Amino acid sequence: MTEVAEHVEVHRHPLPTSFITKYIFSVDHKVIGIQYMLLALVAAFVGMGLSLLVRIRLVWPAEPFGLLETLFPVGAPDGVMTPEFYLAMLTMHGTIMVFMVLTTAPQGGFGNYILPIQVGAADMAFPTLNMLSFWTTFLSFMALMAAFFVQGGAPISGWTAYPPLSALNEATIGGYGQDLWILSIALFCIGSLLGALNFIVTTLHLRTKGLTMMRLPLTVWTWFVTAILGLLAFGVLLSAGALLLMDRMAGTSFFIPGGLVVNDVIIDHTGGSPILWQHLFWFFGHPEVYIAILPGMGVTSHILSTFSRKPVFGYKAMVYAILAIGGLGFVVWGHHMFVSGMSPYSAFVFSILTMVIGVPSAIKTFNWIGTLWGGRIRFASPMLYSIGFVSLFVTGGISGIFLGQPTIDLFFHDTYFVVAHFHLIMGVAAIFGMFSGMTFWFPKMFGRLMNEGLNKVHFWITFAGVYAIFGPMHYLGIIAHPRRYAETTSVDYLAAAGANELHYFITIAAMVTIAAQFLFLFNFVWSLLKGKVTTDPNPWEATTLEWVTSTPPAHDNFEGKIPIVNHGPYEFSVPGNERDFVMQCNAPDAAPAQDH
Amino acid sequence: MAFLLGLLIWFIAIALAVPFVTQWWPLPDTITEHARQVDAQYNLTVWVTGVIFLIAQLALGYAVFKFGSNRPGRASHVRGNDRWELLWTTAATVLFIGLTFMGYTVWAEARFTEAATARPADDRLIVEVVGQQFVWNMRYAGRDGKFGPTDIKLMDDSIGNALGVDRDHADGKDDIIVPRMAVPVNREVELMLKSKDVLHNFFVPELRIKLDTVPGITGTLRFKADKTGTYEIVCSELCGLGHYKMRSFLDVMEPDAYEKWLVDQESFLE
């Protein structure tokens, strides 16, 4: 290997010596990245458990389960879940998954660990700030979990927390659950803002010599753009949360209009607007969708190229598409509010912009297929998950073309069609991105190999399973099944159109898919402790900088020898070369100079 | 592996697309011209997106089983192709934006004001719809065509005045408040959507329209049903514990049946 390296003294924090500075209050981006991943892993299993309860309630609304009575004496007296317990589970499922899983692992987890190494830096720009980001996020998770245990239990107003339902205790069973929810979200926003700063500065200022922006791996591009989205979006949600908390606790009326009568009780708030919350929430909420999915898109591009042994098809187009998605992501929030009563004129503008955002998404999809085309595909587990990602992204994205048109959205809004859409695109597609990232970087991060066979079994069950769960939900939407219904019995047309059979099928599919996730958990933990040890710096024959350094990387990533970059990120199968890949740091003459 | 994965992707794509195209789970009936236009737009979208969906998924599946690592030689060193980029960018732009423009007038019809749609308003029936946890209240102005004033201090579910109508006022005397909605067939209906407490959403699948009832704001929905029958009104915005059972009915009646219904309701007022 003809690696060109320069000796630089860069590392500003000394090697940690105690357990606490090494593993708990660590300032090392790699440890912090793993901390984020573990938090997301725990949160994902909690969130998944809640979804199982939701699925059980939908299929057996009146069946008593002894186990449920033991576990939840309040939420499931006599073993039957109450409607409010159902709504609480659904609210917490959404909140945990969106914030604690989809926002933490792809960015805070993989981004934190990999980005500094891929840009050739010894750490993030602000290591202490990085530590603060994680621990603020951790506190946020604790506050959210506490909501289960306070009087009144977890909130029931959905992950979108629309006021007045979320603002008035008179409209729900009350208690402190909603307050803790807001506190948790506010803390989460602060943690994410700090993290976003770090990602942006690190990408702009700590790139090694020769690593121009157009030589950045697409993973770095997506983490970078995601950070910009986070920086602009989380501040808005933080403010909205502060206002909502004041409406609840300080008697203000930002979101509560005058003249309300709840359960025959006159509410003495006046002058606010529930629509204001929706604007603020979705101004954050839509970019949030891309915060969740963009890193998955980056990982997918990266892995498709690596395992097809081909350059990314249309690298430049991919970069522009990422930027376009990031930019447009801020001007489409109104499509969540087509039924809020907004003027048809503004809805038309939001609709056009929404359809325009489909264009860069289509560009990415066709470029992914173009990357595979003519390759020599190695079907290792990271590649399987990435191929799965592309399929799920297409399926989840295409239903957006229905929902982006107000004419059709007026029928589908708040039905299971929407549930199917966002679960596929921002839920399971993003999670497939995490699976592929985890299986891809596991040897690098932990110096051990995951069990490939178990990963493959997990892939097959999960890929078929998520389609079996979320595919039929489209049909529930077509028969006009409103979402967030604790049971189907009180609407006649649902049973008549076959909703119960579809629900039954979905619940069984969910049980099988959830069971398969324990395979992954087992593989993860077992491989961490007993997996085959490897010190191979580059087991996948990949090209980017994380594969130059030792496995696992040293405390300062490159042991002071920061590599210089001479090549683009995806120089695979370059003609006239002995090997089928050229690493970014290989000598300049390893491949013809060909910046993208 | 490659063969199986490609096959699975093809199978999933077709299994998902077939029920859409053949309408195994059909959309609910339509009872307005508007609803039929929505369905036409929906069907057009099914075809356009269906073709894109199948092209993408089938190409993905094909690439997976065609380009495995067991084939001889090296991967081709192709870095992209500007012509193809231009092709799919243009195609996506034209199709997606074209769809939006085609569907635009359909949606505006239900939501725009009288003046913008130029539909005759002389004989339209105005019904006030007020959501509250977890029931619907429908108010008709009565013979005088005027809604009486309301006061939140008069609101009392237990004496049947959930809306706080001032019964002493001349306009309020003959206001009819009922838990389900009756409308005559083939007559323009304009709904004034309101809420007493939290967000609700007025949704009748057969009308293909829904709108939030937002406290503090009056929303407008218009429809003209052309088929008699009873249809369910369901709440489509999370409103609390009883959200799933917040339901009412829309009765579309022949004009004379509607008149009789109206007379019956008036008799209850006395």
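Is Lys456(A) buried, partly exposed or exposed? One caveat before the answer: this is a predicted model. Now count neighbours. Lys456(A) has 16 C-beta neighbours inside 10 Å. Buried needs 20 or more, and exposed needs 12 or fewer. So Lys456(A) counts as partly exposed.

Where does Lys456(A) sit? It lies in helix H15 of chain A, residues 452-478. Leave aside residues up to four places away in sequence, and Lys456(A) touches Ser381(A) and Leu384(A). Lys456(A) and Val42(A) are 414 residues apart along the chain, and their C-alpha atoms are separated by 22 Å.

Next, another helix of chain A. H8(A) covers residues 218-249, which is 32 residues. From first C-alpha to last, H8(A) reaches 45 Å, close to the 46 Å expected at 1.5 Å a residue. H8(A) does have a kink of about 25°, centred on Ala233(A). After H8(A) comes Gly251(A), with a positive phi near 75°.

Most residues other than glycine have a negative phi, and most peptide bonds are trans. Here are the exceptions I picked out.

The peptide bond joining Thr551(A) and Pro552(A) is cis, with omega about -10°. Glu541(A) is found in the loop between H17 and E4 as well. Its phi is positive, near 55°, and Glu541(A) is not a glycine. Glu559(A) also has its place between H17 and E4. For Glu559(A), phi is positive at about 50°, again in a non-glycine residue. How exposed are these two? Glu541(A) has 15 C-beta neighbours inside 10 Å, so it counts as partly exposed. Glu559(A) has 15 as well, so it too counts as partly exposed.

Chain B has a cis bond too, from Gln133(B) to Phe134(B), with omega near -10°. Phe134(B) is in the loop between strand E1 (125-132) and strand E2 (135-140) of chain B.

Stay with chain B. It has 5 helices and 10 strands. What about its overall shape? A compact globule of 270 residues would have a radius of gyration near 18 Å, but chain B has 26 Å. Along its principal axes, the C-alpha trace of chain B spans about 90 × 40 × 30 Å. Buried residues make up 39% of the 270 residues in chain B. Now take the contacts in chain B between residues at least 6 apart in sequence: 70% of them join residues at least 24 apart.

Some strand pairing in chain B. Phe202(B) has Cys235(B) as its bridge partner in E9(B). E9(B) also pairs with E10(B), residues 247-253, in the antiparallel sense over 6 bridges. There, Thr230(B) has Asp251(B) in E10(B) as its bridge partner.

Last, the interface. How many residues does each chain bring to the contact? Chain A gives 96 and chain B gives 87. Helix H11 of chain A, residues 344-372, supplies the largest share of the chain A side, 15 residues. By type, the chain A side divides into 58 nonpolar, 27 polar and 11 charged residues.

That's the tour. Questions, please.

Terms used. Residues numbered from 1 in each chain as written. Chains lettered and ligands numbered in written order. Predicted model: local features only at pLDDT ≥ 70, side-chain atom pairs only at ≥ 80, totals over all residues. Helix = DSSP H or I, 4+ residues; strand = E, 2+ residues; numbered from the N terminus. Rg over C-alpha atoms; globule rule 2.2 N^0.38 Å. Contact = placed C-beta atoms within 7 Å. Expected span 1.5 Å × (residues − 1). Bend = angle between axes of the 7 residues up to and from the residue. Nonpolar A, V, L, I, M, F, W, Y, C, P; charged D, E, K, R; others polar. Pairing = 2+ DSSP bridges.
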